Amino acid sequence: MAQLSTTRLNLRLGLSADSLTAAVLILAAIADGGLRWPWALLTVALGLWVFSFIEYAAHRWLFHGRHTGPFKRGHGHHHLDPLGYDALPFFLPPLFMGALAGLFALVLPVDYALLLAGVVAAGYAAYGISHVLIHVHHFKSPRLQRWVAFHDEHHRHADKNFGVTSSLWDVILGTRYQPKARPASH
């Protein structure tokens with residue numbers, strides 16, 4: 001499994017499987033026919049918020065945590081070689097998203113559980129695509145350059161800037177990198 005996780009094929013299959021999983025879950029939620037748009041929009045907003053925390057928590061406490069074994073090792077490879085192909089095995093995130101939909105269905109109507117899991121899956125797919133782009137694309141937009149710089153600071157200061165798609169939780173939990181102010185020269 002560790003060998004699979006470092007291949008270009010795994011990365012490409014992963015980005016495709018993540019996007020397909022999100023589309024299938026969202027389309028299944030819509031096909032059920034029970035969604036009501038005000039509640040559906042609230043569910044989408046909740047899903048994006050939930051994903052942003054999952055992204056932050058996994059990156060901070062799983063990929064940079066103590067005693068997290070292969071997760072920390074694999075992510076450590078990414079820090080050594082940001083252009084490498086270290087990623088979770090392509091089939092794990094879709095399995096996790098399916099399990100998440102099942103858990104959500106324990107407390108929500110099925111259509112909303114599918115929508116919520118689908119939006120979390122879409123956030124994960126956006127994260128994967130974004131993370132690849134951050135490392136391989138040279139953006140011209142100043143806003144996107146600031147986004148890339150935020151992540152680049154994480155590679156220089158591994159205990160800061162855990163968010164990739166958003167800095168929200170870094171701000172809330174105090175892990176946003178703040179450069180030290182230079183003393184004024186006279």
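Reply: Let's start where helix 3 meets helix 6 (residues 142–156): the two pack at an angle of about 110°, and their axes are 10 Å apart. Here helices (H or I, at least four residues) and strands (E, at least two) are DSSP runs, numbered from the N terminus. Axes are lines fitted to C-alpha atoms, for helices over the stretch in contact, and angles run from 0 to 180 degrees between N-to-C directions. This is a predicted model, in which local features need pLDDT of at least 70 and side-chain atom pairs count only at pLDDT 80 or more, while totals for chains, interfaces and linings use all residues. Residues are numbered from 1 along each chain as its sequence is written, and side-chain values use heavy atoms, with hydrogens and water left out.

Helix 3 and helix 6 are therefore roughly perpendicular (65 to 115 degrees; under 35 is roughly parallel, over 145 roughly antiparallel, the rest oblique). Helix 3 passes helix 6 in a left-handed crossing (the near helix is turned anticlockwise from the far one by less than a right angle; clockwise would be right-handed).

Now for helix 3 itself. It covers residues 69–80, twelve in number, and spans 17 Å from its first C-alpha to its last, close to the 16 Å expected at 1.5 Å a residue (1.5 Å times one less than the number of residues). Three histidines, His75, His78 and His79, are its buried residues (under 20% relative accessible area; exposed is over 50%, partly exposed in between, with a 1.4 Å probe and protein chains only). Looking down the axis of helix 3, you find these buried residues within an arc of 100°, so they line one face of the helix (the arc is that of the directions from the helix axis to the C-beta atoms). On the other side of helix 3, the exposed residues are Pro70, Arg73 and Leu80.

If you follow the chain onward, glycine 84 sits in the loop between helix 3 and helix 4 (92–105). Glycine 84 has 22% relative accessibility, so it counts as partly exposed. From glycine 84 to leucine 144 there are 60 residues in sequence and 22 Å in space, C-alpha to C-alpha.

Asparagine 161 has a relative accessible area of 2%, so it is buried.

For contrast, here is another pair. Helix 1 (residues 8–32) and helix 5 (residues 110–136) have axes that come within 8 Å and cross at roughly 155°. Helix 1 and helix 5 are therefore roughly antiparallel. Their contact is made of 17 nonpolar, four polar and three charged residues (Ala, Val, Leu, Ile, Met, Phe, Trp, Tyr, Cys and Pro count as nonpolar, Asp, Glu, Lys and Arg as charged, the others, Gly among them, as polar). The crossing of helix 1 past helix 5 is left-handed.

Stepping back, the chain has seven helices and zero strands. Of its 186 residues, 35% count as buried, and its C-alpha atoms fill a box of roughly 70 × 40 × 35 Å along the principal axes.
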